[in-house]
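Okay, thanks for making the time, everyone. Have a look at the chain on the screen, and then I'll walk you through some side chains.

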Amino acid sequence: IPSVSSIVPESCLLIVVGLLVGGLIKGVGEKPPILKSDIFFLFLLPPIILDAGYFLPLRPFTENLGTILIFAVVGTLWNAFFLGGLMYAVCQLGGPGLNHIGLLANLLFGSIISAVDPVAVLAVFEEIHINELLHILVFGESLLNDAVTVVLYHLFEEFASFEQVTILDIILGFLSFFVVSLGGVLVGVIYGVIAAFTSRFTSHIRVIEPLFVFLYSYMAYLSAELFHLSGIMALIAAGVVMRPYVEANISHKSHTTIKYFLKMWSSVSETLIFIFLGVSTVAGHHYWNWTFVISTLFFCLIARVLGVLVLTWFINKFRIVKLTPKDQFIIAYGGLRGAIAFSLGYLLDYKHFGMRDMFLTAIITVIFFTVFVQGMTIRPLVDLLAVKKKQETKRSINEEIHTQFLDHLLTGIEDICGHYGHHHWKDKLDRFNKKYVKKCLIAGERSKEPQLIAFYHKMEMKQAIELVESGGIGKIPSAVSTVSIQNINPQTLPLERVLPALSKDKEEEIRKILRTNLQKTRQRLRSYNRHTLVADPYEEAWNQMLLRRQKARQLEQKMNNYLTVPAHKVDSPTMSRARIGSDPLAYEPKEDSENLPIITIDPASPQSPESVDLMSEEPKGCSGLPPSPEEDEEGLVMRVKEPSSPGTDDVFTPGNGDSPSNQRMLRCLSDPGPRPEPEEGEPFIPKGQ
């Protein structure tokens with residue numbers, strides 16, 4: 001029923017199914033099964049966490065790691081102690097039914113109910129397609145707060161059996177947080193490296209490659225839980241560490257198997273967890289106390305909102321991309337509780353905690369409220385507030401290349417500034433990874449091959465497979481390389497689609513160029529330091545050479561500016577006749593050339609100055625020397641006099657101090673050159689001469 005699933009989250013529907021099944025089992029006189037904590041923590045939770053850790057979006061996670069840790073550690077501690085302290089006050093004021101509940105029991109209850117649940121967050125946030133930043137903040141918090149929850153839970157459970165709690169016990173409890181969290185991460189890293197190293201030698205047994213991923217991940221979880229370390233953090237660390245190396249070693253089919261088996265396994269676990277929550281609600285023993293349950297629900301919401309507001313105000317002082325009020329609302333509203341809190345409550349011992357049933361009732365109430373009320377209303381609220389949604393399309397290669405380029409650029413800027421930011425350390429880690437780790441954990445040439453070329457090979461393989469499946473080359477794009485179509489008998493193509501054939505040597509040369517030049521990482525260079533610069537013996541000679549070049553260039557520019565005048569705009573014959581008609585005395589014969597004929601131009605004549613053949617005038621004055629008398633006798637010279645009317649031609653108007661020789665030179669330089677005429681050899685005879 002799509003209309004129902006679009007309104008109600010899947011987790012809510014599964015809990016309803018569990019309630020119906022539990023009621024049906026109880027109705028026929030049988031005892032419904034209860035979700036035991038061992039089954040939950042050993043079999044149902046690990047697949048969900050491994051799926052989340054293995055496919056964790058590493059870039060947004062690492063970029064927001066500081067924010068996530070503050071929410072996960074400080075936020076969870078605040079929730080636990082704020083809620084525990086207020087519930088202790090409620091118990092003291094709440095009457096005879098609650099007076100016997102001490103401070104440690106309330107703090108333990110606060111630590112159980114304060115942690116955001118990764119299963120519930122995944123179930124709800126995957127459906128509303130929230131943007132990547134908010135998703136990773138809430139989901140990352142739900143993953144990393146496991147260490148705080150484990151430490152507080154075991155701490156208060158141990159303290160409850162003590163007769164007196166000393167300062168030393170509190171200090172040791174504080175230190176145990178670092179042991180639990182960092183110890184879990186260390187266990188996960190060790191098993192991740194072992195899994196990557198094992199996958200290096202599985203090329204001849206491809207069938208069992210996926211098994212090693214599941215086996216070592218599960219062993220990491222069990223080893224961490226064995227020593228009361230954080231199993232969730234161990235699983236996340238193992239998945240993050242092993243993935244890049246394992247995927248470089250295993251086959252494509254094994255990668256597909258791992259991906260879909262993990263998705264299926266986590267989906268089945270999630271379904272069983274929510275169904276069992278519903279069944280356990282019907283089957284369990286409950287003790288309802290209105291004061292305690294309502295106070296728990298109210299203080300949970302208050303603590304979450306206050307914690308997010310205060311921590312975000314502090315975080316925004318250091319963030320470049322600030323968290324807006326809308327983001328803060330979604331983070332606070334997305335703090336869902338789930339089956340982890342229920343299982344931890346179920347683990348409590350009746351001997352030390354006689355009020356366990358009341359705790360479980362309050363925990364189930366909070367879970368149902370957050371999953372049903374908040375889970376159902378968060379999608380309409382996201383639409384109402386116009387919160388940015390996640391982009392469904394994958395990033396293009398262009399975006400990938402520009403992202404890497406900007407990373408290298410920012411790393412270089414940090415190096416020059418001497419600022420050791422996260423780009424600097426990321427670059428150091430990448431270099432160490434490429435230089436040492438990849439050679440040990442990745443087999444063959446893949447350890448040296450850049451990602452861009454690996455992607456190029458992958459595209460080749462994909463196109464070749466498509467080509468074989470389609471049975472020919474007719475539908476393949478024209479840009480496909482010839483490597484993809486070797487040993488395949490193609491169908492005959494139209495002539496315009498025929499691909500150019502490359503020889504083997506040429507192809508190998510292209511591959512070599514790609515391998516050596518594409519995505520070449522920044523080479524190790526000495527850091528810039530103005531105090532340790534060594535004088536270059538050739539520096540003075542270089543400076544002299546540069547100065548000489550600069551002077552020569554300036555001189556050349558001055559000569560160009562002096563010699564060059566803009567060519568006059570060619571007028572139409574009608575405009576030229578009009579100009580000459582307005583001032584026929586603008587052109588006069590030279591004073592010193594008595595033997596030259598005088599040309600008279602009739603303004604009404606179709607002839608115009610543009611029709612004069614100027615080929616014989618071209619050599620004159622171009623060399624910068626004064627013209628010889630022979631040249632004067634051969635050519636036809638026009639001299640410009642002072643303009644006598646506003647209509648005078650501006651192009652031939654001389655400036656003050658211009659000599660006839662300068663005019664001739666400028667006219668020669670501005671002349672566009674000869675234009676071929678039908679009869680070039682004939683002399684020009686103007687009308688009326």
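Residues are numbered from 1 along each chain as its sequence is written, and side-chain values use heavy atoms, with hydrogens and water left out.

Confidence, then. pLDDT is the predictor's confidence in each residue, from 0 to 100. The protein chain averages 77, and 73% of the residues score at least 70. Which of its elements has the highest mean pLDDT, and which the lowest? Helix 10, residues 209-226, has the highest at 93, and helix 23, residues 629-634, the lowest at 45. When I say helix, I mean a DSSP run of H or I with at least four residues, numbered from the N terminus. Residues 603-627 have a pLDDT below 50, and beyond near neighbours in sequence that stretch has 38 contacts in the model; a contact means heavy atoms within 4.5 Å. Residues 678-684 are also below 50, and there the count is 4 contacts beyond near neighbours in sequence. Where pLDDT is low, the predicted coordinates should not be read in detail.

Now the cores. A nonpolar core here is a set of buried Ala, Val, Leu, Ile, Met, Phe, Trp, Tyr and Cys residues joined through side-chain atoms within 4.5 Å. Buried means under 20% relative accessible area, exposed means over 50%, and partly exposed is in between, with a 1.4 Å probe and protein chains only. The largest core has 121 residues, and those with the most contacts inside it are Phe40, Leu45 and Phe292. Helix 8, residues 132-161, gives the largest share of this core, 16 residues. Another core lies apart from it and has 5 residues, among them Ala196, Tyr245, Leu441 and Ile442.

Leaving aside neighbours within four places in sequence, Phe292 is in contact with residues including Met87, Cys91, Leu98, Phe109 and Phe359. Two of those names come back here: ring pairs link Phe109, Phe292 and Phe359 into a cluster.

That takes us to the rings. Rings of Phe, Tyr and Trp (its six-membered ring) pair if their centres lie within 6.5 Å; planes under 30 degrees apart are stacked, over 60 edge-to-face, and the rest tilted. How many aromatic pairs does a search of the whole structure find? It finds 22. Phe174 and Phe178 make an edge-to-face one, at 5.5 Å centre to centre and 80 degrees between the planes. They both lie in helix 9, residues 167-199, 4 residues apart, about one turn of the helix. Phe174 is exposed at 54%, and Phe178 is partly exposed at 39%.

Then there's Phe342 with Tyr346. Why is this pair stacked? Because the ring centres are 6.3 Å apart and the planes sit at 25 degrees. These two are 4 residues apart in helix 15, residues 339-346, so about one helical turn separates them. Phe342 is buried at 3%, whereas Tyr346 is partly exposed at 23%.

Arg304, in helix 13, residues 290-315, is buried at 5%. Not counting residues up to four places away in sequence, Arg304 touches Asn79, Val116, Glu141, Ile331, Ala332 and Gly335. Ser114 is in helix 6, residues 103-114, and is buried at 2%.

Last, the backbone. Most residues other than glycine have a negative phi. His228 has a positive phi of about 60 degrees, and is found in the loop between helix 10 and helix 11. Ala386 has a positive phi near 55 degrees, in the loop between helix 16 and helix 17. His228 is partly exposed at 48%, and Ala386 is exposed at 58%.
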